[in-house]
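Here are my notes for you, written as numbered points. Keep the picture open beside them and look up each residue as you read.

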Amino acid sequence: MDRRAEPRIPVELPIRIWGVDSLSRPFSEVARVKNVSEDGAILEGVQSKLKAGEILDVQYGPYRAQFQIVWFGKMGSDQQGEVGLKRLPLEQCIWDIDLAASSMVAGNG
């Protein structure tokens, strides 16, 4: 059983991320969003070494928000390059998608 409070919608969106890596070095790179929800996302294709709890800036088109890193895929695992994010409480949802309609379609498809 899924423990998430809200549905995740599969998407493929190009984004830019930046922040400070696990070695305290600033970084900026292009990645992709694998799925989204109102309060979070899973990224894929992330090359930087990150750690849980750190803050990441995410830009999708003209929209920007800060997210906290919840988890990241371990090197050598099937999830390598994936990062789970949770939107910070005062940030707005940046995904230009009707999440309510998409979740109904995903649930009925």
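**Notes on the strands, rings and charged pairs**

1. β4 and β5 are paired in the antiparallel sense over 6 bridges. Here, strands are DSSP runs of E with at least two residues, helices are DSSP runs of H or I with at least four residues, and both are numbered from the N terminus. Two strands count as paired if DSSP finds at least two bridges between them. For an example to look up, Asp 57 stands opposite Gln 66 in β5.

2. A word on where all this comes from. This is a predicted model, in which local features need pLDDT of at least 70 and side-chain atom pairs count only at pLDDT 80 or more, while totals for chains, interfaces and linings use all residues. Residues are numbered from 1 along each chain as its sequence is written, and side-chain values use heavy atoms, with hydrogens and water left out.

3. Now the whole protein. It has 1 helix and 6 strands, and from the N terminus on the elements run β-β-β-β-β-β-α. The 6 strands close into a barrel in the order β1-β2-β3-β6-β5-β4, with antiparallel pairing. On average, neighbouring strands of this sheet are turned by 45° against each other, direction ignored; the axes behind such angles are lines fitted to C-alpha atoms (for helices over the stretch in contact), and angles run from 0 to 180 degrees between N-to-C directions.

4. Of the 109 residues, 33% count as buried; buried means under 20% relative accessible area, exposed means over 50%, and partly exposed is in between (1.4 Å probe, protein chains only). Among contacts with a separation of 6 or more, 52% are between residues 24 or more positions apart, where contact means heavy atoms within 4.5 Å.

5. Which strands pair with β6? Strand β3 (residues 40-44) pairs with β6 in the antiparallel sense over 4 bridges, and strand β5 (residues 63-72) is joined to β6 by 5 bridges, also running antiparallel. Strand β6 (residues 83-87) is mostly covered, with 4 of its 5 residues buried. As background, strands of a sheet pair through backbone hydrogen bonds, either parallel or antiparallel.

6. Next, the aromatic rings. Rings of Phe, Tyr and Trp (its six-membered ring) pair if their centres lie within 6.5 Å; planes under 30 degrees apart count as stacked, over 60 as edge-to-face and the rest as tilted. By this rule there are 2 aromatic pairs. Tyr 60 and Trp 95 form a tilted one, 6.0 Å centre to centre with 50° between the planes. Tyr 60 lies in strand β4 (residues 55-60) and Trp 95 in the loop between β6 and α1 (99-108), so this pair ties together parts that are 35 residues apart in sequence. Phe 67 and Trp 95 form a tilted pair as well, at 6.0 Å centre to centre and 35° between the planes. That pair links Phe 67 in strand β5 to the loop holding Trp 95, 28 residues apart. Tyr 60 and Trp 95 are buried, as is Phe 67, and ring pairs link Tyr 60, Phe 67 and Trp 95 into a cluster.

7. Finally, the charged side chains. How many salt bridges does a search of the whole structure find? There are 6, a salt bridge being a side-chain nitrogen of Lys or Arg within 4 Å of a carboxyl oxygen of Asp or Glu. One of them joins Lys 34 and Glu 82 (2.8 Å, N to O). Lys 34 sits in strand β2 (residues 26-36) and Glu 82 in the loop between β5 and β6, 48 residues apart. Why does Glu 82 count as buried? Because its relative accessible area is 10%. Lys 34, at 34%, is partly exposed.

8. One more charged group deserves a look. Arg 87 forms a salt bridge with Glu 38, the closest N and O atoms being 3.9 Å apart. Arg 87 lies in strand β6 and Glu 38 in the loop between β2 and β3, so the pair ties together parts that are 49 residues apart in sequence. Glu 38, Asp 39 and Arg 87 are linked in a network of salt bridges.
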